[in-house]
Amino acid sequence: MRPDGIDIALGLEPLEIPEGREAAPELWYAAGAVRTEQIDDLMLAHAGDRLVGCWYRPHGAAEDPGAITEQAYHAILEACQERGFEHLVRAWNYFPAINQELNGQERYRSFCAGRARVFEALPDFERHLPAATAIGTHADGMLIYFIAMREATLRIENPRQVSAFRYPRQYGPRSPSFARARMSQEACGAAELFISGTASIVGHESRHAEDLEAQIDESLRNIGVLLAAASEEGAVALRDPGDLSMLKVYLRHRADGARAQRHLRECLGEDVDILLLHGDICRSELLVEIEGLYREG
Ligand code: 3EB
């Protein structure tokens, strides 16, 4: 039987799925009876200690993503707060034409500005930043889905990378509002580690422009360092990205699917679930971005 809840369709094409098969859906569970609600553009499902939601509004490449993002995050934070799920732990941001310029600014940078206007207004805003992904789709619409918890979660940064919320101005007028990872102990008592979209960036600079395998290697190195940082905090003992429960890999070029899959399996072995999706990375020189999830048990 299908459990109660909400369905979220991302509008990102899965790659390298065998003929006649479908990509496995990502399922988020919570303890207890699920309550679902629709408030304007926001769809919510909550139970026990977890709220899962999705904000969606039609949005095309010719519209400014900054204003709509600001409205979205105001609505999201308010709805979470009102229901007692004050702690945003993970957010996925998907919208079209992410690297295209509009009114002299890359659309990703406008998106960052809108998001920053909401988060940077919070007291000690760094503490509240969720782990996140921001990816360009080939479909219309601004879609933000997210997970919020009742209790505070631990924020983890990557010592190899400048924290995104402190990126220098060369990457845009406002820095990206996200944490490199967050760890929660709450969902049914099991540890969960949410790793943000991670790319071939060292310090704040992109590395290995146009080299797919080298970008994958650098991204996995970054994830490895994050796992070490998370393990130092206790609660998990993870050494290698292959120890994670699942990885979601975004590829700029559909034609890179087979090569990426081969290289990822060589690096990671067969245990971890890998989902490849066709989407644009928010810096145009980057070909790949990798996010991860660990769930205990
Ligand atoms: C980076 O490290 C790569 O703006 O929410 C990764 C994950 C990236 C999330 C976001 C951006 C975001 O800067 C890009």
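How many aromatic pairs does a search of the whole structure find? I got 10 aromatic pairs. For my own record, rings of Phe, Tyr and Trp (its six-membered ring) pair if their centres lie within 6.5 Å; planes under 30 degrees apart are stacked, over 60 edge-to-face, and the rest tilted.

Two notes on the source. This is a predicted model, where local features need pLDDT of at least 70 and side-chain atom pairs count only at pLDDT 80 or more, while totals for chains, interfaces and linings use all residues. Residues are numbered from 1 along each chain as its sequence is written, and side-chain values use heavy atoms, with hydrogens and water left out.

**Entry 1: rings**

I looked up Trp28 and Phe194, and they are a stacked pair, 5.8 Å centre to centre with 25° between the planes. Trp28 is in the loop between β1 and β2 (35-39) and Phe194 is in strand β12, so this pair ties together parts that are 166 residues apart in sequence. Both Trp28 and Phe194 are buried (under 20% relative accessible area with a 1.4 Å probe, protein chains only; exposed is over 50%, partly exposed in between).

Next I checked Tyr167 and Tyr171: this pair is tilted, at 5.6 Å centre to centre and 50° between the planes. Tyr167 and Tyr171 are buried too.

I also found one aromatic cluster, made of Trp28, Trp92, Tyr94, Tyr145, Phe194 and Tyr250.

**Entry 2: charges over rings**

Here I count NZ of Lys or CZ of Arg within 6 Å of the ring centre and within 35 degrees of the ring normal. Arg283 lies over the face of Tyr171, 4.1 Å from the ring centre. The charged end of Arg150 sits over the ring of Phe85, at 4.1 Å from its centre.

**Entry 3: the sheet**

I traced an open sheet of 7 strands with mixed pairing, in the order β1-β16-β15-β17-β12-β11-β10. Strands (E, at least two residues) and helices (H or I, at least four) are DSSP runs, numbered from the N terminus, and two strands pair if DSSP finds at least two bridges between them. The edge strands are β1 (13-15) and β10 (154-156), each pairing on one side only.

I then followed β1 to β16 (residues 273-278): they pair in the antiparallel sense over 3 bridges. Glu13 has His278 in β16 as its bridge partner.

What packs on the sheet, touching β1, β15, β16 and β17? Helix α4 (residues 257-268) does, with contact meaning heavy atoms within 4.5 Å.

Technical notes
Axes fitted to C-alpha atoms, helices over the stretch in contact; angles between N-to-C directions.
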